[in-house]
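Here is a short briefing to read with the model open beside you.

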Amino acid sequence: MLAQSDTIVGYGTYIDLIRPLIGDREVVRTGMTREVERVTAAIERAMDGRRVALVSSGDPGIYAMAGLVLEICAARGIAAGPARENEATDSLCIEVVPGIPAMCAGAALLGAPLTHDFATISLSDLLTPWETIERRIAAAARADFVIVFYNPKSRRRDWQLARARDIILESRDGRTPVGIVTAAQRPGQQIHITTLDRLQAAPVDMQTIVFVGNLSTRTFGEFMFTPRGYAHKYAIDG
């Protein structure tokens, strides 16, 4: 997709990750919290007839830019539709290209913590009120979902993960397995398995995904997995 594009738009860190694939194409890069600016730049260039790749890390539809593209088009009355091969249209053609989200990359490194129902929650309160985040954590914990936390800690947000742990401890045992994956499938990758009551001591930053097991989640050697329920229906022990 990058090879077919005229212009590449993205957050600076993501541009650096794909720099060897860009060649001499036009690049528009912005800093953190400049999402509206770069999405607007991508839309404007696409409306001028250029093929534009707006890049995100992971999957563009999971805590990323695909939703904001559609939201801005809807808010500004820009006609847009799916890109279809050999179809002429006056609308802005949008194609969301799936990627590998960090929760899937991290889960694969841990083993299989997401085999059963799970909830994904971002601990960043930049766009979502913290009171709303707390309600979601409590509801997911009571419903026995495996919980995946994005954006668990930054230099300015250093207390939210501890608060999330305390909320979950109201519904789960402190020995509940917790997987910690930083920089999944990238240089500097780190993988740790700990327990809910020891989560505060785990190395966590903004590149980390935290997997909190449910009541059935267990460890097996260096793996962490959540049974789906086969043992209740079938003889699996030979």
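What volume does the second largest pocket have? In this predicted model, the second largest pocket comes to about 260 Å³. The points below start there and move on to contacts between side chains.

**The second largest pocket**
- Its lining has 14 residues, and Pro227, Arg228, Gly229, Tyr230 and Ala231 are the closest to the pocket centre.
- Helix H8, which covers residues 230-233, gives the most to this lining, with 3 residues.
- By type, the lining of the second largest pocket splits into 6 nonpolar, 6 polar and 2 charged residues.

- The structure has 1 cavity of 30 Å³ or more, and the largest cavity has a volume of about 30 Å³.
- The lining of the largest cavity holds 5 nonpolar, 1 polar and 2 charged residues.

**Aromatic pairs**
- There are 4 aromatic pairs in the count.
- Among them, Tyr11 and Tyr14 pair edge-to-face, with 5.1 Å from centre to centre and 85° between the planes.
- Tyr11 counts as buried because its relative accessibility is 15%, under the 20% cut-off.
- Tyr14, with a relative accessible area of 23%, is partly exposed.

**Salt bridges**
- The count of salt bridges is 7.
- One of them joins the side chains of Asp16 and Arg29, at 3.1 Å from N to O. Asp16 belongs to helix H1 (residues 12-17) and Arg29 to strand S2 (residues 26-30), so this bridge ties together parts 13 residues apart in sequence.
- Arg50 and Glu26 form another bridge, their closest N and O atoms being 3.5 Å apart. Since Arg50 sits in the loop between helix H3 (35-47) and strand S3 (52-54) while Glu26 is in strand S2, the pair ties together parts 24 residues apart in sequence.
- Arg50 is partly exposed at 35%, as is Glu26 at 28%.
- Arg163 and Glu134 also meet through their side chains, at 2.9 Å from N to O. This pair links distant parts of the chain, 29 residues apart: Arg163 in helix H7 (residues 160-169) and Glu134 in helix H6 (residues 130-142).
- Arg163 is partly exposed at 31% relative accessibility, and Glu134 is partly exposed at 21%.
- Salt bridges with shared partners bring Glu26, Arg45 and Arg50 into one network.

Conventions: Residues numbered from 1 in each chain as written. Predicted model: local features only at pLDDT ≥ 70, side-chain atom pairs only at ≥ 80, totals over all residues. Heavy atoms only, no water. 1 Å grid on protein atoms, 1.4 Å probe; cavity = no way out; pocket = protein on both sides within 12 Å on 5 of 7 lines; lining within 4 Å. Points joined across faces, edges and corners; volume = space filled by probe spheres on them. Helix = DSSP H or I, 4+ residues; strand = E, 2+ residues; numbered from the N terminus. Nonpolar A, V, L, I, M, F, W, Y, C, P; charged D, E, K, R; others polar. Phe/Tyr/Trp six-rings, centres within 6.5 Å; stacked < 30°, edge-to-face > 60°. Buried < 20%, exposed > 50% of the residue type's maximum accessible area, 1.4 Å probe, protein only. Salt bridge = Lys/Arg side-chain N within 4 Å of Asp/Glu carboxyl O.
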